[in-house]
Amino acid sequence: QVQLVESGGGLVQAGGSLRLSCVVSGLYLSINRMGWYRQAPGKRRELVALITSDGSTNYSDSVKGRFTISRDNAENTVSLQMNSLQPEDTAVYYCHALIRGSPKMENDYWGQGTQVTVSS
């Protein structure tokens, strides 16, 4: 019953900013890791940013210094603040979570994706 729902995608001009949010709902013991991935046309899905339960973060070199990932409020929400956006950032962005649902069960969950389009 775990679901991830993204929001915040849209169209923005180069140099602009956008904030994506992902909310986890359902029954689970803990969220061990959350992150954002993206997939541009003709390219493989790639990691954008990760954040672990202890707050450690990891960024793709292509977004480091421009994007910031964070866990918000009750920590069932992860956000991606994207600044200085460039056309190369255009992609479908997917929220991902590694969730422990029971002592012996850990599963990957994905959101439906949200389109980010950056115009020049």
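Helices (H or I, at least four residues) and strands (E, at least two) are DSSP runs here, numbered from the N terminus. This is a predicted model, where local features need pLDDT of at least 70 and side-chain atom pairs count only at pLDDT 80 or more, while totals for chains, interfaces and linings use all residues. Residues are numbered from 1 along each chain as its sequence is written, and side-chain values use heavy atoms, with hydrogens and water left out.

Let's start with the whole thing. Along the principal axes, the C-alpha atoms fill a box of roughly 50 × 25 × 25 Å.

How much of the protein is buried? Taking buried as under 20% relative accessible area, exposed as over 50% and partly exposed as in between (1.4 Å probe, protein chains only), buried residues make up 40% of the 120. The protein exposes about 6500 Å², and carbon and sulfur atoms supply 46% of that; the areas come from the Shrake-Rupley method with a 1.4 Å probe, and for residues only the protein chains shown count as cover. As for contacts (heavy atoms within 4.5 Å), 55% of those with a separation of 6 or more are between residues 24 or more positions apart.

V2 sits in the segment before β1 (3–7) and is buried, with a relative accessible area of 12%. What does V2 touch, leaving aside its neighbours within four places in sequence? The contacts are V24, S25, G26, L27, Y28, I99 and Y109. With S25, 23 residues along the chain, the C-alpha separation is 5.6 Å.

From there, step into the sheet. In general, strands of a sheet pair through backbone hydrogen bonds, either parallel or antiparallel. Two strands count as paired if DSSP finds at least two bridges between them. Here, 4 strands form an open antiparallel sheet in the order β1-β3-β8-β7. β1 and β7 stand at the edges with a single partner strand each, so one side of each is left without a neighbour in the sheet.

Walk across it strand by strand. β1 and β3 pair over 5 antiparallel bridges, and S7 has S21 in β3 as its bridge partner. Next, β3 and β8 pair in the antiparallel sense over 6 bridges, with V23 opposite T77 in β8. On to the last pair: β7 and β8 are antiparallel over 6 bridges, and D72 also stands opposite T77. β8 itself is mostly covered, with 5 of its 6 residues buried.

Finally, the interior. A nonpolar core means a set of buried Ala, Val, Leu, Ile, Met, Phe, Trp, Tyr and Cys residues joined through side-chain atoms within 4.5 Å. The largest one has 29 residues, of which M34, W36, L80, M82 and Y93 touch the most other members. Elements giving two or more residues to this core are β3 (18–25), β4 (30–39), β5 (46–52), β7 (67–72), β8 (77–82), β9 (91–102) and β11 (114–119). The largest share, 5 residues, comes from β9.
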